[in-house]
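Hi,

Here is the model I promised to pass on.

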Amino acid sequence: MGFLHRHRWLTPYGLLAAGLGWLAVFFVVPMYYLAATSLKSGDIDFGYAFTWAWGNYAHALGRYQEQLLRSLEYAGIATLAAFLISYPLAYWIAFRGGRWKNVLLLLVIAPFFVTYLIRTLAWQTILADDGPVAGFLRTIGVLGADGRLLATSFAVVAGITYNFLPFMALPLYASLEQVDKRLVEAAEDLYASRPVAFFKVTFPLSLPGVFAGTMLTFIPAAGDFINAQLLGTPQQAMIGNVIQSRFLVLNDYPEASALSLVLMLAIVGIVVVYARALGTERLGT
Amino acid sequence: MTAVVRFARHHLLTAYALLALAYLLLPIAVVVLFSFNNPNGRFNYTWQGFTLKNWGDPFGVPGLWPALQTSLEIAALVALGATALGTLIALALVRYGFRGRGAANIFIFLPMATPEIVMGASLLSLFLAINFQTGFWTIVIAHITFDISYVVTTVRARLVGFDRHLEEAAMDLYANSWTTFWRVTLPLIAPGVLSALLLSFALSIDDFVITNFNSGTEVTFPLFVWGAARVGVPPQVNVVGSIIFFAAIGLMLLNVVRQRRPQRAAAPATATATVS
C-alpha cells in the first residue's frame with residue numbers, strides 16, 4: 001500500500017477536492033462577478049465599465065421596491081398555505097401510513113415528475129375564465145358575474161403554493177417520522193389530552209422539519225417568476241420577473257445584478273431572523 | 001362521547017389528507033387528460049373532444065423533438081457528472097472526521113439556499129465577463145452546479161448507517177483500497193447513488209430558470225414549452241409531459257421495489273460482498 005495508505009488523513013480532502021473545486025469555480029466565483037457587475041455603469045451598446053456605481057442599488061430599490069415587497073409577501077403567504085396543507089398530510093402519512101408510506105410519499109412528490117412549466121400551464125387551464133372552477137364559483141356567487149380567477153394575485157399565490165408544496169411536505173414527513181411514538185404515549189399516560197400531547201411533544205419534536213420545510217419553500221418562492229408570468233398580469237409582477245426581463249430582454253446587467261443581490265440579502269435577513277425566532281421558541285418549550 | 005370525538009377526528013384527518021393528495025394530483029390529471037384533447041385553434045385550454053392523434057404523432061410539432069433530445073443529452077451528462085462529484089463529497093463528509101468538515105457541510109447547503117434566479121444570473125455574469133459563448137456546455141455546467149448539493153444530500157442520507165468495519169475487514173484480507181472501494185464500498189452505497197442519478201437527471205430535465213439564463217441559442221424541452229406558451233401550447237407538449245411523468249414514476253417504483261428486496265436480503269448480501 002502506497003502513499004494513500006501512509007497519508008490517510010489526506011483521503012477526505014482528496015474526495016472533496018473535485019466537487020468543492022467545481023462549486024468554488026461555478027458557484028462562488030460567479031457570485032463575485034455578479035457583485036462586480038452590479039457596480040458597473042454604462043450601456044449595452046458601448047459596454048459596461050466598473051465604476052463603484054452604488055447608485056445602481058438606490059435606483060433599483062427605488063424603482064422596484066413594490067415588486068420586491070410583493071415577492072416577499074407572496075412567498076410568505078404561499079409558505080404558510082403550503083405548511084397548513086402539508087403538515088396534516090405529512091402527519092397522516094407518518095402516523096397512519098402503515099405499509100403504504102412509500103407509495104403515499106411517491107404521490108406527494110408526483111408533481112415533480114411533471115415539468116414545472118407544464119404543471120403551471122395546467123393551473124392556467126384549471127383556473128381559466130371558462131373553466132369549471134371559475135364557473136362553479138360564479139354559480140354559487142362567491143365570484144361575481146365577470147369575476148376572474150386567472151390573472152389575479154390569488155392565482156399566482158396558489159400556483160406558487162402548489163409548485164413548492166413537496167419541498168414543505170418532505171422535510172415535515174422526515175421529522176414527524178422520527179418522532180418517538182413512546183414519548184407521545186408517555187405524555188398521554190401522564191394525563192395529557194391528545195391536543196396537549198401534540199402541542200407539547202409531537203409539534204416541538206417536528207420543528208427541525210418545520211424549519212427546513214419553510215426554508216425550502218420560501219427561498220425558491222421569493223425568487224420565482226414563472227407563476228407570476230403564466231398565472232398573473234404585470235400587476236402581479238414579482239422581483240424575479242424584473243430581474244429576468246432586465247437581464248435577458250433589456251440587457252441592463254448592472255441593475256439586474258444589483259436586484260439579484262438585494263433579493264439574496266433580503267432572503268438571508270429573513271432566514272436569520274426566522275431561525276433566531278424558531279430557535280428561542282424551541283428553547284422555551 | 002370521547003369515542004365519537006376520536007372517531008370524527010380520526011376520519012377528519014384522513015379526509016383532509018386525501019383532499020391534499022387530490023390537490024397535488026389534480027394538475028397531473030389535467031395534463032394527461034388534455035393530451036387527448038382535440039383543440040380547434042391554437043389554444044389547448046378548453047376540452048373540445050377526445051382524440052388519439054396527439055399520441056400517435058407526439059413529435060409532429062416542429063422543434064419539439066430536437067428540444068427533448070437536447071434535454072435528454074444534457075440530463076445524462078449532468079447526472080453522471082453531478083453524481084460522481086457529489087458522491088465523493090458525501091463519502092468524505094460521512095466517513096471521515098477532518099478539520100473543516102462543519103464548514104464543508106454549510107458550504108454544500110449554500111447552493112440549495114440560493115434562489116435559482118440568482119444562481120442563473122451569477123453564472124451568466126461569469127460567462128459574460130470571460131466572454132464565454134453560452135450554449136449546450138454552459139447549460140451542462142450550470143446544471144451540474146445546482147445538482148451537486150442534492151446528490152450529496154441524497155447519498156449522505158443512505159450513508160449514515162454505513163458500517164466502516166466492512167471496509168477494514170476487506171483491507172485486513174489483503175484487498176487494496178481500490179478493490180475495497182469497488183467490491184465493498186460501492187455495492188453498499190449503490191442504492192443511494194442510483195437515487196442520486198435519478199434525482200439529478202430529473203432536476204436537470206425539469207430546469208427552466210437557470211437554463212433560461214445560460215442557454216444562448218440552445219433550446220431545451222422546458223425552453224420550448226416556454227416559447228410555445230406565448231403562442232399556444234400544442235397538445236403534443238402534454239403528450240411528452242405525460243410520457244416523462246409515467247417514465248419517472250415507473251423508475252421510482254422500480255427503485256422502491258429494488259430497495260425493499262435488499263432490506264430482507266441485506267445480511268447475506270453484505271456477507272457475500274465481504275467474502276468475495
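Predicted model: local features only at pLDDT ≥ 70, side-chain atom pairs only at ≥ 80, totals over all residues.

Across the interface of chain B and chain A, six residue pairs are in polar contact, both residues being at pLDDT 80 or more. A polar contact here is a pair of N or O atoms within 3.5 Å; within protein, one must be able to donate a hydrogen and the other to accept it, and residues adjacent in sequence count only if both atoms are side-chain atoms. As for salt bridges between chain B and chain A, the count is zero; the term means a side-chain nitrogen of Lys or Arg within 4 Å of a carboxyl oxygen of Asp or Glu.

Two notes on the conventions. Residues are numbered from 1 along each chain as its sequence is written, chains are lettered from A and ligands numbered from 1 in the order in which they are written, and side-chain values use heavy atoms, with hydrogens and water left out.

Back to the interface. It takes 77 residues from chain B and 77 residues from chain A, where contact means heavy atoms within 4.5 Å. The buried area is about 7300 Å², and carbon and sulfur atoms give 81% of it; that is the accessible area (1.4 Å probe) that two parts lose on being put together, summed over both. Tyr23(B), Leu24(B) and Trp226(B) supply 9% of what chain B buries against chain A, more than any other three residues.

Several helices of chain B each supply at least two residues to the side that touches chain A, among them helix 3 (64-95) and helix 6 (136-159). Helices are DSSP runs (H or I, at least four residues), numbered from the N terminus. Helix 1 of chain B gives the most, with 18 residues. On that side of chain B, 62 residues are nonpolar, ten polar and five charged. Ala, Val, Leu, Ile, Met, Phe, Trp, Tyr, Cys and Pro count as nonpolar, Asp, Glu, Lys and Arg as charged, and the others, Gly among them, as polar.

So where are the salt bridges? Glu177(A) is in helix 7 (residues 153-177) of chain A and Lys101(A) in helix 4 (residues 101-109), so the pair ties together parts that are 76 residues apart in sequence. Lys101(A) is buried at 19% relative accessibility, whereas Glu177(A) is partly exposed at 30%; buried means under 20%, exposed over 50%, partly exposed in between (1.4 Å probe, protein chains only). Asp129(A) and Arg148(A) form another, at 2.9 Å between the closest N and O atoms.

One residue in chain B is worth a look: Asn37(B), in the loop between helix 1 and helix 2 (53-56). Asn37(B) is buried, at a relative accessible area of 0%, and a polar atom of its side chain lies 3.4 Å from the backbone nitrogen of Gly49(B).

Last, confidence. Chain A has a mean pLDDT of 89, with 96% of its residues at 70 or more. Confidence in chain A is lowest in helix 1 (residues 3-6), at a mean of 62, and highest in helix 3 (residues 55-96), at 95.

Cheers

Methods: pLDDT = per-residue confidence, 0-100.
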